[in-house]
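User: I would like to learn how to read pockets, strands and ring pairs in a model. Could you take me through them?

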Amino acid sequence: MNEVTPNAKFCHESRTVQTHLVLPQDTNSHNTLYGGQLMYYIDSCAAMAAIRHTRQPVVTASTDRLNFLAPIPADYALTLEAFVTGTGKRSLEVFVKVTGENLTTGERYLAATCFMTFVAVGKEIGEDYVVPKVIPESTEEISISKDYSERKQNRLRDLALEKTFAADISLTTF
């Protein structure tokens, strides 16, 4: 096994896997999983990966990219796999992949992918706190992590644009 440098962790140390059965009450009029329900599962799984990496409380800062690639019908399983792919001083990016599975045939397919950003928070975090760096090892981890800096720059640019946009939004409802 590779040596870990101080204040660095391997991607696999944050890996979180959840599997859920799609039940009828979780589906829309097309008999497929509600997008909002999938978003809830993604946020939950990604948050656990972020906490495993930081060992600190975290809050969701943004859902940067959520790509719905294929629907997940009722009575299928969905599996979410999340791991940290990049870190800043207090922030960290988590990648989530969602696979669907026909439980009667065993067919599995990629149903969605998502990047989320979390921020470490908490009373015990001082000014000198820095989120541990992440070390990708597998081909998949390396491939996904390599563009972290570009995604982070895009997020910062989009956040600045959003702040400008939000300044013109009315708070009245009439």
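Analyst: We go through the strands, then the aromatic rings, then the pocket. This is a predicted model: local features need pLDDT of at least 70, side-chain atom pairs count only at pLDDT 80 or more, and totals for chains, interfaces and linings use all residues. Residues are numbered from 1 along each chain as its sequence is written, and side-chain values use heavy atoms, without hydrogens and water.

User: With which strands does β4 pair in the antiparallel sense?

Analyst: Strands are DSSP runs (E, at least two residues; helices are H or I, at least four), numbered from the N terminus. Two strands pair if DSSP finds at least two bridges between them. Strand β2 (residues 16-21) pairs with β4 in the antiparallel sense over six bridges. There, L21 has A77 of β4 as its bridge partner. β4 also pairs with β5, again antiparallel, over 10 bridges. V84 stands opposite V94 in β5. A hairpin of three residues joins β4 to β5.

User: How many residues of β4 are buried?

Analyst: Buried means under 20% relative accessible area, exposed over 50%, and partly exposed in between (1.4 Å probe, protein chains only). In β4 (residues 77-87), 11 of 11 residues are buried.

User: How is a pair of aromatic rings described?

Analyst: By the distance of the centres and the angle of the planes. Rings of Phe, Tyr and Trp (its six-membered ring) pair if their centres lie within 6.5 Å; planes under 30 degrees apart are stacked, over 60 edge-to-face, the rest tilted. The whole structure has four aromatic pairs. One of them, Y40 with Y41, is tilted, at 5.9 Å centre to centre and 50 degrees between the planes. Y40 is exposed at 54% relative accessible area, while Y41 is buried at 10%.

User: Why is the pair of F95 and F115 tilted?

Analyst: Its planes lie at 50 degrees, so the pair is tilted; the ring centres are 5.1 Å apart. F95 is in β5 and F115 in β6, so the pair ties together parts 20 residues apart in sequence. F95 is buried at 7%, and F115 is buried at 14%. Ring pairs link F83, F95 and F115 into a cluster.

User: Which element gives the most to the lining of the largest pocket?

Analyst: A pocket is an open set of points on a 1 Å grid over the protein atoms alone, where a 1.4 Å probe fits, with protein on both sides within 12 Å along at least five of seven lines; lining residues have an atom within 4 Å of a point. α3 gives the most, with eight residues.
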